[in-house]
Amino acid sequence: MKKQLNKYILSQQKETYDLGWNLFTHPELGFKEYETKQIILDYLKKHDLKVDKEYALTGLSITIGQGKPHIGLLAEMDAIPTINHPYAAKKDNAAHSCGHSTQMAICLAALDSLNQIIDKLKGSVTLFFTPAEEFTDINYRENLIKEGKIKYLSGKENMLADKLFDDIDLIIHLHGSGEYKDHHFSIGSILSGFTYKKITFHGKAAHAAVNPSNGINALNMCTLFLNAIGMLRETFREEDLVRFHGMIEKGGTTVNSIPEEVVYQCYCRSVNPQYLLQLSQQINKTADCCAKALNGTVTIEEHPGYFPLIPSKKLSDVVYQNMLNFFPDSEIAHNEKSCAAGDVGDISLFKPIIQYGYTGFKGQMHGNNLEIADPYEVYMIQAQVVADSIYDLLNDESKVKEIIADFKPAMTYQQYIDYLNQH
């Protein structure tokens with residue numbers, strides 16, 4: 001029956017390529033994916049697939065089949081600001097430089113193929129289109145929260161809060177990993193977690209030439225802080241995969257005045273959730289001390305970012321066997337630790353889940369030169385791997401039971417909500 005699945009996927013090759021191109025060239029930022037949603041709806045209508053739920057402004061899901069096992073499939077919808085990308089949106093520089101557009105096309109192709117044989121299988125599949133994975137455009141999202149349109153800053157945080165995954169047994173997710181270097185797939189990969197901070201240094205304005213001694217320079221506070229962070233870096237342990245990075249959103253008001261307010265946005269990242277909390281406190285302490293050292297003050301706004309992704313080994317094994325149909329083990333990377341993060345990590349607190357990586361791109365991920373170099377590898381191979389893996393799970397319920405038995409939730413629902421609400 002897998003041959004039937006794969007034959008159908010290949011028969012839809014041109015349509016899938018066209019769908020992928022349409023999505024790639026119509027990028028939108030998180031919680032703004034309205035045109036993206038319409039492209040999806042047009043595809044669903046053509047293939048007689050029906051939406052069962054809508055959520056988080058732009059998200060939607062489609063379910064085929066009935067009952068258990070219930071397999072979840074995730075596709076992210078949003079783009080990321082990328083200046084000078086050839087297909088960046090003029091209004092906000094949104095571009096699919098992270099490859100989310102390919103996830104949507106792959107998962108739709110896989111779901112459509114499974115729908116051709118779903119009556120011969122036991123169980124169901126739900127494809128979730130998830131908005132706002134990229135942690136960006138924060139001011140817009142904060143306004144949405146104030147307006148009561150969303151609860152939290154990322155798509156999957158809102159979906160978890162609304163308990164959309166409660167009936168799901170396990171979840172498959174995939175993400176582009178850029179150009180081919182020494183492997184075509186990665187499986188069993190761990191992602192980092194992070195916290196987000198907006199650090200505002202407060203000083204006092206004065207004429208920068210006539211009487212700078214009457215001012216308190218907020219930019220100097222920020223500069224001192226960044227130097228102090230640089231001196232802390234030697235204390236970061238390699239196994240924790242720590243990254244601290246940011247940008248100055250506001251460096252002052254005018255060159256002719258001592259900067260009174262400087263705003264610095266940053267991420268703290270680590271694969272070690274305990275150390276991540278410790279590092280976050282250290283960053284806050286450093287910012288406070290640097291501000292006080294130069295007679296200023298600091299305000300720190302924090303938002304919970306994402307938890308590290310800890311993948312299900314047994315689910316990885318199922319998908320890995322289907323990867324071998326296309327490339328040998330020597331072309332597959334195993335158990336990588338990545339400094340990248342995604343809100344898929346939050347789901348791994350509650351459900352067995354994986355995010356596998358695939359190549360077929362050209363250029364840098366998040367770069368203004370990212371493009372789809374090999375559409376066959378990106379779309380056709382991945383759709384077959386996804387569809388075949390779901391087939392294996394629905395065709396042999398014991399695999400699902402083993403995966404579920406091997407998994408232990410890391411947090412209760414209420415603990416998670418309390419964590420999100422404490423910031």
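Biologist: What is the volume of the largest cavity, and how should I read such a value?
Modeller: On a 1 Å grid over the protein atoms alone, a cavity is a set of points where a 1.4 Å probe fits but cannot get out; points join across faces, edges and corners, and the volume is the space filled by probe spheres set on them. Here, the largest cavity has a volume of about 30 Å³, and a search of the whole structure finds one cavity of 30 Å³ or more. This is a predicted model, where local features need pLDDT of at least 70 and side-chain atom pairs pLDDT 80 or more, while totals for chains, interfaces and linings use all residues. Residues are numbered from 1 along each chain as its sequence is written, and side-chain values use heavy atoms, leaving out hydrogens and water.

Biologist: Which residues line the largest cavity?
Modeller: Lining residues have an atom within 4 Å of a point. Pro-27, Glu-28, Leu-29, Lys-32, Ala-89, Lys-91, Asp-92 and Ala-94 line the largest cavity. By class, that lining has four nonpolar, no polar and four charged residues (nonpolar: Ala, Val, Leu, Ile, Met, Phe, Trp, Tyr, Cys and Pro; charged: Asp, Glu, Lys and Arg; polar: the others, Gly among them).

Biologist: And how much space lies in the largest pocket?
Modeller: A pocket is an open set of points with protein on both sides within 12 Å along at least five of seven lines. The largest pocket holds about 1500 Å³ of space. Its lining has 49 residues, with Cys-98, Glu-134, Arg-269, Ala-340 and His-366 nearest the centre. The elements that each supply at least two lining residues include helix 5 (138–146), strand 9 (190–202) and strand 11 (261–270); helices (H or I, at least four residues) and strands (E, at least two) are DSSP runs numbered from the N terminus. The lining of the largest pocket divides into 17 nonpolar, 20 polar and twelve charged residues.

Biologist: What about the second largest pocket?
Modeller: There you have about 470 Å³ of space. It is lined by 25 residues, and Phe-307, Pro-308, Ile-310, Leu-349 and Ala-410 are the closest to its centre. Helix 8 gives the largest share of this lining, four residues. The classes are 17 nonpolar, four polar and four charged.

Biologist: At what angle do helix 2 and helix 3 pack?
Modeller: Helix 2 (residues 13–24) and helix 3 (residues 34–46) pack at about 160 degrees, their axes 10 Å apart. That angle makes helix 2 roughly antiparallel to helix 3. Glu-15, Leu-19, Asn-22 and Leu-23 in helix 2 meet Thr-36, Ile-39, Tyr-43 and Lys-46 in helix 3.

Biologist: Which backbone spots deserve a look?
Modeller: Most residues other than glycine have a negative phi, and most peptide bonds are trans. Phe-31, not a glycine, has a positive phi of about 65 degrees and sits in the loop between helix 2 and helix 3. The Lys-68 to Pro-69 peptide bond is cis, with omega near -5 degrees, and Pro-69 lies in the loop between strand 2 (59–66) and strand 3 (70–76).

How values were computed
Axes fitted to C-alpha atoms, helices over the stretch in contact; angles between N-to-C directions. Parallel < 35°, antiparallel > 145°, perpendicular 65-115°, else oblique. Contact = heavy atoms within 4.5 Å.
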